[in-house]
Amino acid sequence: MDIFIAIILVVSAWLYILLAGADLGAGILERFKGKTLKREQEALITDAMGPVWEANHIWIILGVVIMFVGFPKAFRDLVVFYHIPLTAMLIGIVGRGTAFTFRHYDAVKGKSQRWYSVLFSLSSIWTTLWLGILAGSITMGNIPRHGNHFVEVYIDPWFNPFSFLIGIFLCSLLAYISATYLVAEATTSEGKELFKKRAVIANIVSILLGILVFVYGYFSDIQLIREFLLHPYSMLAFAFSSSLLIFQWYAIKKKQYQYLKYLGGGQITLILLGWLIVQYPYVFRWKGGGGLMLLDTIAPEAVQLQLTIALVVGLIVILPPYLYLMHIFKIRK
């Protein structure tokens, strides 16, 4: 049961990054929409996100519930040590959700729409940045086992160049994923060309930032980066992810935009898989060695059983209508 629960936790995190991550990327792209087709870009993003953006948050909710019920000690330590970046990220999620809702459903269309759009795009950047900072801090493994000062325990683990670099890298990566989705969603040749350019730019920036992450991490002696570069399976995932760039550029050149979102989704999946390979079995690592192992924090067997039943029944009930929702709103009339 413990392995099953852990797998569902990982899958929920993957789906959140893949689906809600594309929504976050759309908000980032909206901040850099340029001088042409501004309203068309905003309308396309709203149309693409409108029916499904709330449903995509089900995966982070599921992940939080699994952590809270199934791995209570890991949940406790995560929310204690990382309460600042987590709080900042949650503020961003609430802010962008509020802004998007008012922009999309407000009966009164006026100047307030412009401020809703600004809040939506800035909150998207803010949320993604803090999500990346959290991931970067976990990657560093810089939490002191026996810290004595507030700054040492709750600030230093995430307030560093590497964590912010991961945050910026994630912004560019999600912007790229979103651009690949929106190229396929666009109904005009001008719109497709515009988001194709956005995808190309975001892809180049992601590549450069990804190289910078590895170079900085290697020379900063970050253990997980060195393990990533030495582990055969993580490097295999990295190699496959890099090879998809060839197919992505080919699809762009041949204007086969319908394949871009699958290639982009595959790329981010492989990046996440490579990270998980070297991160397992730790939730996070202590400064100086060792770490908190996920399965060591599993709840008692009675709780595991009830959680497993709830997950099986919940997925049977939730998945069919969720998939139908995704399908019905994406049908081309």
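## A helical chain and its aromatic pairs

Of the 333 residues in the chain, 47% are buried. Keep in mind as you look around that this is a predicted model. The chain has 14 helices and 2 strands. Its radius of gyration is 20 Å, close to the 20 Å that the globule rule gives for 333 residues, so the chain is as compact as a globular protein of that length.

**Overall build**

- Taken along the principal axes, the box filled by the C-alpha atoms is roughly 55 × 45 × 35 Å.
- Among contacts with a separation of 6 or more, 77% are between residues 24 or more positions apart.
- The accessible surface of the chain is about 17,200 Å², and carbon and sulfur atoms account for 72% of that area.

**Aromatic rings**

- There are 19 aromatic pairs in the structure.
- One of them joins Trp 158 and Phe 159, with 5.7 Å from centre to centre and 85° between the planes; this pair is edge-to-face because its planes are over 60 degrees apart.
- Are the two partners buried or exposed? Trp 158 has a relative accessible area of 6%, so it is buried, whereas Phe 159, at 52% relative accessibility, counts as exposed.

**A charge over a ring**

- Where does Arg 226 lie relative to Tyr 218? Arg 226 sits over the face of the Tyr 218 ring, at 4.2 Å from the ring centre.

How values were computed: Residues are numbered from 1 along each chain as its sequence is written. This is a predicted model: local features need pLDDT of at least 70, side-chain atom pairs count only at pLDDT 80 or more; totals for chains, interfaces and linings use all residues. Side-chain values use heavy atoms; hydrogens and water are left out. Rings of Phe, Tyr and Trp (its six-membered ring) pair if their centres lie within 6.5 Å; planes under 30 degrees apart count as stacked, over 60 as edge-to-face and the rest as tilted. Buried means under 20% relative accessible area, exposed over 50%, partly exposed in between (1.4 Å probe, protein chains only). A charge sits over a ring if NZ of Lys or CZ of Arg is within 6 Å of the ring centre and within 35 degrees of the ring normal. Helices (H or I, at least four residues) and strands (E, at least two) are DSSP runs, numbered from the N terminus. The radius of gyration is taken over C-alpha atoms; the globule rule is 2.2 Å times the number of residues to the power 0.38. Contact means heavy atoms within 4.5 Å. Accessible areas come from the Shrake-Rupley method with a 1.4 Å probe; for residues, only the protein chains shown count as cover.
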